[in-house]
Amino acid sequence: MILETELLGRITIPEEDVITLPEGLLGFPEQKHYIIATLLDYPHFSCLQCVDDPDISFIAVDPRMIIEDYQLVLSDADKQDLQLQDINTALILVMVVLHPDPQNITANLMGPIVINPDRKIGKQIVITNSQYSLKYKLYSQTAPKAG
Amino acid sequence: MTGVLVLSRKKNEAIVIDGKIEIRVLEIKGDTVRLGVMAPDAVKVYRQEIHAAIMQENLQAQVSSHNLAVLKELQLKIKQSEEK
């Protein structure tokens with residue numbers, strides 16, 4: 001499948017890589033198909049590229065890269081929707097909101113997108129009972145490790 | 001959705017939605033109402049503002065080729081912190 005995207009240009013995507021989000025993302029209920037693309041210049045980040053609308057692209061990051069013990073508890077219904085037995089096998093991404101000032105680039109740790117990589121099904125989960133921030137500042141939190 | 005159903009409930013009274021969701025008024029104190037929601041696991045219940053806030057973040061997270069370069073400095077910093 002060939003996609004003319006604004007962000008990544010013209011890309012060829014294998015159909016088997018397409019991930020289906022049956023409920024879409026919050027605010028994007030109609031767009032249900034995405035691919036995860038690698039950004040060569042920014043290897044720590046991923047691009048969540050919409051297949052249904054090539055003009056819709058997001059930057060995302062694995063929250064476990066930001067917070068080592070990022071915890072996510074799925075309800076039985078979530079597990080059923082994702083056909084997922086073990087959360088450790090899931091791919092987890094959180095949305096990154098860019099800002100001209102790098103200090104103000106944030107990640108939304110409250111609304112992770114959980115993907116079953118085997119079944120290619122994904123879902124945005126809303127975490128309500130945690131201390132995770134909606135606007136987690138990435139720059140100030142990636143402080144060089146002590147030493 | 002067709003219009004808004006408006007009804008009055010007293011403390012300890014409830015409404016039932018679709019035969020499986022029960023919302024009960026537990027307490028009324030000033031302008032705060034405490035509600036108890038009983039619903040099957042598959043039914044997601046959130047405070048409306050949380051839902052709206054995540055939707056807002058998603059909308060803001062949309063990115064175009066024009067603003068991608070702002071990641072440069074952050075990427076560099078992450079790389080440096082890993083090397084330390």
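I start with a definition: a salt bridge is a side-chain nitrogen of Lys or Arg within 4 Å of a carboxyl oxygen of Asp or Glu. Two notes on the source come next. This is a predicted model, in which local features need pLDDT of at least 70 and side-chain atom pairs count only at pLDDT 80 or more, while totals for chains, interfaces and linings use all residues. Residues are numbered from 1 along each chain as its sequence is written, chains are lettered from A and ligands numbered from 1 in the order in which they are written, and side-chain values use heavy atoms, with hydrogens and water left out.

Now the interface. Contact means heavy atoms within 4.5 Å. On that basis, 46 residues from chain A and 34 residues from chain B take part. Buried area is the accessible area (1.4 Å probe) that two parts lose on being put together, summed over both. For chain A and chain B that comes to about 3,700 Å², and 67% of it is on carbon and sulfur atoms. L26(A), Y42(A) and Y139(A) supply 17% of the area that chain A buries against chain B, more than any other three residues.

How many salt bridges does the rule find across the interface of chain A and chain B? It finds 2, while the count over all chains is 11. There are also polar contacts, meaning pairs of N or O atoms within 3.5 Å; within protein, one must be able to donate a hydrogen and the other to accept it, and residues adjacent in sequence count only if both atoms are side-chain atoms. Across the interface of chain A and chain B, 10 residue pairs are in polar contact, both residues at pLDDT 80 or more. On the side of chain A that touches chain B, the elements giving two or more residues are β6 (57-61), α2, β7 (91-97), β10 and α3 (138-141). Helices (H or I, at least four residues) and strands (E, at least two) are DSSP runs, numbered from the N terminus.

Next, individual salt bridges. K44(B) and D78(A) meet through their side chains in a salt bridge of 3.0 Å, N to O. K44(B) lies in the loop between β3 and α1 (48-61) of chain B and D78(A) in helix α2 (residues 76-82) of chain A, so this pair joins two chains. For accessibility, buried means under 20% relative accessible area, exposed over 50%, and partly exposed in between (1.4 Å probe, protein chains only). Is D78(A) buried or exposed? D78(A) is buried, because its relative accessible area is 3%. K44(B), at 33%, is partly exposed.

Within chain A, D81(A) and K123(A) form a salt bridge of 2.6 Å, N to O. D81(A) lies in helix α2 and K123(A) in strand β10 (residues 121-124), so the pair ties together parts that are 42 residues apart in sequence. D81(A) is partly exposed at 37%, whereas K123(A) counts as buried at 7%. These pairs belong to a network of salt bridges that links E23(A), D78(A), D81(A), K123(A) and K44(B).

Two further pairs. The side chains of E57(B) and K135(A) meet in a salt bridge of 2.6 Å, N to O. R10(A) and E4(A) do so at 2.5 Å, N to O; R10(A) is exposed at 58% relative accessibility and E4(A) is partly exposed at 47%.

Now a serine. S57(A) is in strand β6 of chain A and is buried, with a relative accessible area of 1%. Its side chain makes a polar contact of 2.7 Å with the side chain of Q49(A). Leaving out residues up to four places away in sequence, S57(A) touches residues of both chains, including L7(A), C47(A), A61(B) and V63(B).

N12(B) is not a glycine, yet it has a positive phi of about 75°. N12(B) is in the segment before β1 (14-17) and is partly exposed at 48%. D18(B), also not a glycine, has a positive phi of about 60°. D18(B) sits in the loop between β1 and β2 (21-29) and is exposed at 62%.
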